[in-house]
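Colleague: Can you walk me through this one? I have a few quick questions.

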Amino acid sequence: MPDACVHDTPDTPQAPPCTLVIFGAGGDLTKRLLMPALYNLAGGGLLAEGFSVLGVDHNPLTDEGWRDDLTGTMDSFTKDPSAEFHAERIDPKPWGFIRDRLHVMQGDFADEATYRDLADRLSGNVVFYLAVAARFFGPVVEGLGKAGLLKQTDDAFRRVVIEKPFGSDLDSAKTLNRTILAQADEAQFYRIDHFLGKETVQSIMAIRFANGMLEPIWRREYVDHIEITAAETIGVEERGGFYEPTGALRDMVPNHLFQLLCMVAMEPPNSFDAEAVRNEKAKLVQAIRPVTPENAVRGQYSAGQEGGHAVPAYRDEPDVAKDSRTETYVALKLEIENWRWAGVPFYLRTGKRMAGRRTEIAVHFKPPPFTLFREAGGADLAPNVMRLRIDPEPGSATRINVKRPGPQMHLAPVETGFRYGDFFDPAPTVGYETLLYDCMMGDPTLFQRADSIEASWAAVDPLLKAWKDAPVAFYAAGSPGPEEADALLARDGRAWLPLDEG
């Protein structure tokens, strides 16, 4: 298998020729994720000869200097197994394809002259990628709009990719939407969430809708509750400056976790047309009852052990206040008010410095009547659970009950499932390949629409206001989280699946 690939289907068409304009050319996102993703796309033959990259950065950069810097970064990934992108070697052919097409210009994002210079350099199809701090999203789009750079023709598209966080609460999200939609149509904006670039996340729709035995039981009559987990073992690392005003709720819930929620709970669309899928996602998020403080837990990690090594408390991390009340852990109980899910609780948790690294969705089914198996240990058996595993080992696992070998009817739980690596050749990916490709192809299926963004913030906005001056519960680094999160489920007679299980 070649070192660089993204799709294993030979009939995937090339993206049309375009210029990818990256605001924030010298930033970490460009180096760690965008360039490896473009390298993989080039290795898969999915970029046209007419593809090019124009970086814009406030620091003075030259074409050759930028090319050399990015080449050095790509080479460094071959020696860093912890990097999102890792390869034994960098294939000179796809990297040479990208390197030869890299150009850069210096520009102040707030200066109209920057956009006039861009207008002189651009023609044809253009994708503008905002790899910049969130405070620049509105000003950059306004600058593009005022310079006429967002005007499309029948022969040329103009699209804008906006990273998260899209707003910091409901009011700011609405304001940002008004700002950008004053400059171009909704169809030109691609609000990106890299979780949706993961093959295993996209596969949830296939598992649900392409298997006739599952969809009929994917509803309140058969499902007891659903658990969604995104747990990390790392701390905030060097991101304290970003994390302090943000926290786990803003960072993870209205985007990543709600996207997983949509995949597992949305109604079947009538086609895989982008708007059909996005309509169903929007309906689902709009049906979430706003979360109240009694259905939520916020925690912050204290000092502890991770991987056998002592690690500091969050308050002792760089750029973090000594009396910080920023949450590094969130647990929520959600209710969805529609015909499919009324009465089925959804429990969401996410946190840093936890006992295990895991991103998964666990569907807990209702137990069967145990009268038949009362004498066979049936009353002690756990109900069926289907786990859709996204990270670190993609696949699925389903717990069912079977008869133990022997002359009498005694039951035991067993697990059946699959791992993606057992069936499919792994393709190097950082999660942005499909998203960049779809944007160039004009397919917005995996991108968030304005109404979904605002509905997501509306669901958590009461909690943001209630938590403004509230204390946090503490949990030791390397633990499953605060005890209050266990109590959140225990009051309903339920418990989280262990992070170190299976």
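Modeller: Start with a strand pair: A362 stands opposite R387 in β14. This is a predicted model, where local features need pLDDT of at least 70, side-chain atom pairs count only at pLDDT 80 or more, and totals for chains, interfaces and linings use all residues. Residues are numbered from 1 along each chain as its sequence is written, and side-chain values use heavy atoms, without hydrogens and water.

Colleague: In which sense do β13 and β14 pair?

Modeller: Antiparallel, over six bridges, with β13 spanning residues 358-365. Pairing takes at least two DSSP bridges. Strands are DSSP E runs of at least two residues, helices H or I runs of at least four, numbered from the N terminus.

Colleague: And how many residues lie between β14 and β15?

Modeller: Three, in a hairpin. Those two strands are antiparallel over five bridges. V385 stands opposite R399 in β15.

Colleague: Why is β14 largely enclosed?

Modeller: Because seven of its seven residues, 385-391, are buried. Buried means under 20% relative accessible area (1.4 Å probe, protein chains only).

Colleague: New topic. Which residues does F346 touch?

Modeller: I226, L261, V264, A265, L332, K333, L334, I336 and W341, leaving out residues up to four places away in sequence. Contact means heavy atoms within 4.5 Å.

Colleague: What is the make-up of the second largest pocket's lining?

Modeller: Four nonpolar, three polar and 11 charged residues. Asp, Glu, Lys and Arg count as charged; Ala, Val, Leu, Ile, Met, Phe, Trp, Tyr, Cys and Pro as nonpolar; the others, Gly among them, as polar.

Notes. Buried means under 20% relative accessible area, exposed over 50%, partly exposed in between (1.4 Å probe, protein chains only).
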